[in-house]
Amino acid sequence: MDEPITARAREIAKKESEALLERTPRSAELFERAVRSMPLGVASSFQENDPYPIYVREGRGSRVWDVDGNEYVDFHNGFGTMAVGHAHPKVVEAVERAARTGTHFAATTDTTVAFAEELCRRFELDTVRFTNSGTEA
């Protein structure tokens, strides 16, 4: 016989699973599409979930909305890289400004030099090296 807490946990899990399925039909549809082109239906194994992942549509500040319109507090925050939240107006403005002159070069730019100088100044470093990944670093 189940312990009372185990029986209650199963009851809560069943109720929450049913609520999830009811409020996320677009995520279910997107999952069915995604598994045909991505392993587990996600860009990264970290995003896998049972019975399917929630697919995010947009984010503003500390909140994100899934493709079904449900709102969530984003405790994940892009592995912590979203220190000012999603779509912060100053970040959006800077990205728009930068996109007008090009977004990715295989050569160093004056902005890269200025950024390196600021990092060296701020953190009292001799030099810095920019890399594309942790493996490259």
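A patch here is built from residues with over 30% relative accessible area and no salt bridge, joining like charges within 9 Å and nonpolar side chains (Val, Leu, Ile, Met, Phe, Trp, Tyr) within 5 Å. What you're looking at is a predicted model, where local features need pLDDT of at least 70 and side-chain atom pairs count only at pLDDT 80 or more, while totals for chains, interfaces and linings use all residues. Residues are numbered from 1 along each chain as its sequence is written, and side-chain values use heavy atoms, leaving out hydrogens and water.

**View 1. A nonpolar patch made by three valines.** V84, V91 and V95 make a nonpolar surface patch of about 250 Å². (Areas are Shrake-Rupley values with a 1.4 Å probe, and for residues only the protein chains shown count as cover; a salt bridge puts a side-chain nitrogen of Lys or Arg within 4 Å of a carboxyl oxygen of Asp or Glu.) V91 sits in helix α3, residues 89-99. Helices (H or I, at least four residues) and strands (E, at least two) are DSSP runs, numbered from the N terminus. With a relative accessible area of 42%, V91 counts as partly exposed, the class between buried (under 20%) and exposed (over 50%).

**View 2. An open sheet of three strands.** The strands line up as β1-β2-β3, with antiparallel pairing. At the edges are β1 (56-60) and β3 (71-73), each pairing on one side only. Pairing takes at least two DSSP bridges between two strands. Neighbouring strands are turned by 30° against each other on average, direction ignored; the angles, from 0 to 180 degrees, are between N-to-C directions of lines fitted to C-alpha atoms.

View 3. Four bridges hold β1 and β2 (residues 63-66) in an antiparallel pair. Look for R60 opposite R63, and for G59 with its bridge partner V64. Two residues lie between the strands, and G61 takes a positive phi near 60°.

**View 4. The hairpin of β2 and β3.** Here β2 and β3 run antiparallel, joined by three bridges. W65 stands opposite E71 in β3. This hairpin has four residues between its strands, and G69 takes a positive phi near 90°.

**View 5. Helix α4 and the residue after it.** The 14 residues of α4 (110-123) reach 20 Å from first C-alpha to last, close to the 20 Å expected at 1.5 Å a residue. That expected span is 1.5 Å times one less than the number of residues. Next comes E124, with a positive phi near 55°.

Notes
Buried means under 20% relative accessible area, exposed over 50%, partly exposed in between (1.4 Å probe, protein chains only).
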